[in-house]
Amino acid sequence: IVFVDADKTRLMEYVDVLVSTDRVLKKGGLIVVDNVLWKGLVLDASSSNGYDSSDDESSQDKELLKKNRRARKLANKMHRFNSAVVKDDRVDVLMMNLRDGLSMIRKR
């Protein structure tokens, strides 16, 4: 079993390395990836949320908007990861909606 809770921008690279060789993970081995639903925002990843960034926003509102943009960006990356890994013929994928989401990926 390999648990991956790392740089979200490189998740597919990690899975590819684990699946492409038997050095670390043998056939039938499991990869568990954390945060695959990223605060539930992955479900909205294909839709755009129209936030108004008008000049009269307080600094607190601007900070919240900045965090929301970062969260949406990471959600889009997680959506692309989920789409890619489920299409990979080398693995079987089970996604669980526990908290921020877990994927159990079994190497074929």
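Asp7 sits in the loop between β1 (2-4) and α1. Helices here are DSSP runs of H or I with at least four residues, strands are runs of E with at least two, and both are numbered from the N terminus. The model is predicted: local features need pLDDT of at least 70, side-chain atom pairs count only at pLDDT 80 or more, and totals for chains, interfaces and linings use all residues. Residues are numbered from 1 along each chain as its sequence is written, and side-chain values use heavy atoms, with hydrogens and water left out.

Buried means under 20% relative accessible area, exposed means over 50%, and partly exposed lies in between (1.4 Å probe, protein chains only). The side chain of Asp7 also makes a polar contact with the side chain of Thr9, at 2.7 Å. Such a contact is a pair of N or O atoms within 3.5 Å; within protein, one must be able to donate a hydrogen and the other to accept it, and residues adjacent in sequence count only if both atoms are side-chain atoms.

Next comes helix α1, residues 11-20. Leu11, Val15, Leu18 and Val19 are buried there. They lie on the same side of α1, because they cover an arc of only 95° around the axis. That arc is taken from the directions from the helix axis to the C-beta atoms. Val17 and Ser20, on the other side of α1, are exposed.

Now the sheet. It is open, has 4 strands in the order β1-β2-β4-β3, and its pairing is mixed. Two strands pair if DSSP finds at least two bridges between them. β1 and β3 are the edge strands, each pairing on one side only. On average, neighbouring strands are turned by 20° against each other, direction ignored. The axes behind this angle are lines fitted to C-alpha atoms, for helices over the stretch in contact, and angles run from 0 to 180 degrees between N-to-C directions.

Leu94 stands opposite Met104 in β4. Asp92 stands opposite Arg106 in β4. The hairpin has 5 residues between these strands, and Arg99 takes a positive phi near 50°.
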